Amino acid sequence: METNLLFEFTVNKSEKTVFITREFSAELSLVWDAFTRKELLDQWVAPKPWSAKTKYMNFEVGGCRFYAMVSPEGLERWSMQEYTSITPKTNFKMYNTFADAEGNKELPGSAWEYYFSEQDGKTRVHIIIVNESLARFEKMIEMGFELGFKMSIDNLEQLLVTLTHK
């Protein structure tokens with residue numbers, strides 16, 4: 001596994017925005033699949049010792065993913081992701097909200113944009129997260145989003161290594 005990969009995580013509180021850029025030592029189509037297929041998402045998206053479980057996912061414009069992060073004790077934190085734009089293997093956008101187990105959204109939410117590019121055998125993913133309210137932004141940061149995201153990305157890096165060597 002290559003350890004010299006770019007990872008930037010920048011928070012802009014005044015704009016309620018998080019900017020993330022991460023390189024992976026894997027081809028673009030594999031990284032794209034890891035971000036857009038539920039069976040792969042469930043293997044990496046939750047920071048350990050938590051796990052992820054997707055109740056349903058329809059990756060198309062107007063579709064959504066309804067999933068939970070589950071603690072070792074069984075506590076479930078549900079989220080709803082609604083896909084608003086998809087350009088295959090290039091970018092996708094979604095609207096994300098916390099939710100209850102029945103899928104009732106907890107507004108306000110946040111808009112997420114993902115951009116994918118490949119160069120010299122590395123895939124770069126650039127993510128922009130814009131929160132609708134300062135309170136939601138602060139709650140996200142307070143809940144440990146930065147550390148949790150970094151831990152999840154480490155899970156993804158491990159998954160990509162296993163998938164690349166199959």
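A pocket, in the sense used here, is an open set of grid points where a 1.4 Å probe fits, with protein on both sides within 12 Å along at least five of seven lines. With that in mind, let us turn to the structure, which is a predicted model.

The largest pocket holds about 720 Å³ of space. It is lined by 32 residues, and those closest to its centre are Val 45, Pro 47, Tyr 67, Met 69 and Phe 145. Several elements give two or more residues to this lining, namely helices H2 (38–44), H3 (134–142) and H4 (145–164), together with strands E4 (64–70), E5 (76–87), E6 (91–99) and E7 (105–119). Helix H4 gives the most, with six residues. What is the make-up of the lining by class? There are 22 nonpolar residues, six polar ones and four charged ones.

Asn 155 lies in helix H4. Is Asn 155 buried or exposed? Asn 155 counts as buried because its relative accessible area is 11%, and the cut-off for burial is under 20%. Its side chain makes a polar contact with the side chain of Lys 48, at 3.4 Å. Leaving aside residues up to four places away in sequence, Asn 155 touches Trp 44, Ala 46, Pro 47 and Lys 48. One of these, Pro 47, has already been named among the residues closest to the centre of the largest pocket.

The second residue is Leu 40, in helix H2. With a relative accessible area of 7%, Leu 40 is therefore buried as well. Which residues does Leu 40 touch, not counting those up to four places away in sequence? They are Asp 33, Ala 34, Leu 159 and Leu 163. Ala 34 is itself one of the buried residues of helix H1. As for distance, Leu 40 and Ala 68 are separated by 28 residues in sequence and by 14 Å in space, C-alpha to C-alpha.

Helix H1 itself, residues 28–36, is mostly covered, with seven of its nine residues buried. Among them are Leu 28, Trp 32 and Phe 35.

Next, the strands. Strand E2, residues 17–24, is also mostly covered: seven of its eight residues are buried. E2 pairs with strand E1 (residues 7–12) in an antiparallel arrangement through six bridges, and Thr 10 has Phe 19 as its bridge partner in E2. E2 also pairs antiparallel with strand E8 (residues 122–131), over eight bridges. There, the partner of Arg 22 is Val 125.

E1 and E2 form a hairpin with four residues between them. Lys 16, in that turn, has a positive phi of about 55° although it is not a glycine. At 24% relative accessibility, Lys 16 is partly exposed. Lys 89, in the loop between E5 and E6, likewise has a positive phi, near 60°, in a residue other than glycine. Its relative accessibility is 38%, so Lys 89 counts as partly exposed.

Finally, the backbone has two cis peptide bonds to mention. One joins Lys 48 and Pro 49, with omega at about 15°; Pro 49 is found in the loop between H2 and strand E3 (51–57). Another joins Leu 107 and Pro 108, with omega at about 5°, and Pro 108 has its place in strand E7.

Methods:
Residues numbered from 1 in each chain as written. Predicted model: local features only at pLDDT ≥ 70, side-chain atom pairs only at ≥ 80, totals over all residues. Heavy atoms only, no water. Buried < 20%, exposed > 50% of the residue type's maximum accessible area, 1.4 Å probe, protein only. Pairing = 2+ DSSP bridges. 1 Å grid on protein atoms, 1.4 Å probe; cavity = no way out; pocket = protein on both sides within 12 Å on 5 of 7 lines; lining within 4 Å. Points joined across faces, edges and corners; volume = space filled by probe spheres on them. Nonpolar A, V, L, I, M, F, W, Y, C, P; charged D, E, K, R; others polar. Polar contact = N/O pair within 3.5 Å; in protein donor to acceptor, adjacent residues only side chain to side chain. Contact = heavy atoms within 4.5 Å.
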